Amino acid sequence: MHASHNPSESWKRYGSHFVIEDAPDGKLPDEMMDPVAAMRIIADDLVLDGIPERNLATFVTTWMEPEAQRIIAENLHRNFIDHAEYPQTAEIEQRCIRMLADLFNAPGETTGARTQGSSEAIMLGALSLKWKWRQRREATGKDTTRPNLVFGGDVHVVWDKFCRYFDVEPRIVPLQPHKFTIGPEDVAPHVDENTIGVAAVLGTTFTGHADDIVGIDKLLRELRDEKGLDVPLHIDAASGGFVWPFLYPDSAWDFRLEQVRSINVSGHKFGMVYPGIGWLIFREQADLAEDLVFYENYLGKTDATFTLNFSTGSAMVLAQYYNFIRLGREGYGLAIGAMAANAHYLGERLQEIGPFELVGAGEEQLPLAAFKLADPDLPYDEFDIAWQVAAERGWMLPAYTMPPNAEHVKMLRALVKLNLTRPLVATLADDIAAACETLAKKGGASKAERQQVKTGVGY
Ligand SMILES: Cc1ncc(COP(=O)(O)O)c(C=O)c1O
């Protein structure tokens, strides 16, 4: 009846002998396998991952149009660094840089770079701050051994990383128990002649608000005019750079402010491109330290590169350009406006549900709901809610504590991206209400459940 008595052989012919065997792990397999079998092993593994559309922690794009997906799929083999071979791709990068410089109100001709994300953009931007500071110091014969960088506790971890990797003293302004952003009064005591720059955030990872950028710019202009201390301001607009121009066009945070010398933005966040694209934009060409640009003869053409990587994909650059020309200001305004309206709706629903306090609602903010429990006497906390809503409905809702000196504050935060349509927001609100009811009945999450809660702000 059966042609083979070896089940493994039968499963091989069926297309996947891994139905009854372990997947390769820890050592390159000795033999080949069918492409279908390899594909299925990976697909099966990924079934155990969370569903990206239910990931309320991430700022990163989880949905793009089919036409954009086609551009991406058709250009996966195009190495971005081969400028000589792919001059149009290089030109499209420059178009994106010019469009962003214009969006951020650069006063004239400028320069910038495509990066892997805001982290690489921040590393490069901060390196330029360090190099420019050293040039200024050397020109006047001053000590260059103790550079420092001033930023708030509300920044992303990449700023600490830069300081450690590139040997710069981090001067971190602590948050306050009821204030989760920083302003000029917080920054002023930390700035001195060794300060390479101040970093301010537009749309913090923790609550989605902005530092007082207008105030910090004013402080730095006063220092420049009164004490001759020219300290540049870098804006970490990883998330906010594609939000503020459309939701709050009259709010100045960009090159409209004189001391703002460079800005990073993540194309893969509210630029609405899949992961793998960020941008660094300088105010003027002179803000990029010339020593950081490498001119090399690569495959017959002199190329100028300012990047931490070399080979990388072109697909996301092309996808960014697709979004720019497909959406324009009208489309971005529509999409970001819809996210903000849905975030507002979620906030209203949360307040109906129960004892939730929205953090900084009514202030300029990213499209998200940052909220916490207003009643300290409940038998459950924010971490329990994150657990219960994941257990009941698979939502990935991050719970975390704030950075020092607000570390006693627990927070929940739901990003409202374009894929979170109104019916889904309504369902999410119902699901949070149901999770709270369960927790009230059972008196909070059990110890074992609490141990499994994933904490962290996500990104
Ligand atoms: C304010 C801020 N800066 C920097 C980053 C790092 O950005 P990327 O993930 O694009 O490297 C993030 C990520 O969430 C962020 O929120």
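At what angle do the axes of helix α5 (residues 118-139) and helix α6 (residues 158-165) cross? The answer is roughly 45 degrees, with the two axes coming within 10 Å. Axes here are lines fitted to C-alpha atoms, for helices over the stretch in contact, and angles run from 0 to 180 degrees between N-to-C directions. Helices (H or I, at least four residues) and strands (E, at least two) are DSSP runs, numbered from the N terminus.

A word on the model: it is predicted, so local features need pLDDT of at least 70 and side-chain atom pairs count only at pLDDT 80 or more, while totals for chains, interfaces and linings use all residues. Residues are numbered from 1 along each chain as its sequence is written, and side-chain values use heavy atoms, with hydrogens and water left out.

Back to the helices. α5 and α6 are therefore oblique to each other; angles under 35 degrees count as roughly parallel, over 145 as roughly antiparallel, 65 to 115 as roughly perpendicular and the rest as oblique. On the α5 side, S119, I122, M123, A126 and L127 make the contact (heavy atoms within 4.5 Å), and their partners in α6 are V158, W159, K161, F162 and Y165. These residues split into 8 nonpolar, 1 polar and 1 charged, where Ala, Val, Leu, Ile, Met, Phe, Trp, Tyr, Cys and Pro count as nonpolar, Asp, Glu, Lys and Arg as charged, and the others, Gly among them, as polar.

S119 also turns up at the ligand: with S118, D236, H268 and K269, S119 comes nearest among the 13 residues around the ligand, each having a heavy atom within 4 Å of it. A polar backbone atom of S118 sits 2.8 Å from a ligand oxygen atom.

Two spots in the backbone deserve a look. Most residues other than glycine have a negative phi, and most peptide bonds are trans. N105, in the loop between α4 (87-103) and β1 (112-115), has a positive phi of about 60 degrees although it is not a glycine. P404 and N405 are joined by a cis peptide bond, with omega about 0 degrees; N405 lies in the loop between β12 (399-401) and β13 (410-415).

Conventions
Polar contact = N/O pair within 3.5 Å; in protein donor to acceptor, adjacent residues only side chain to side chain.
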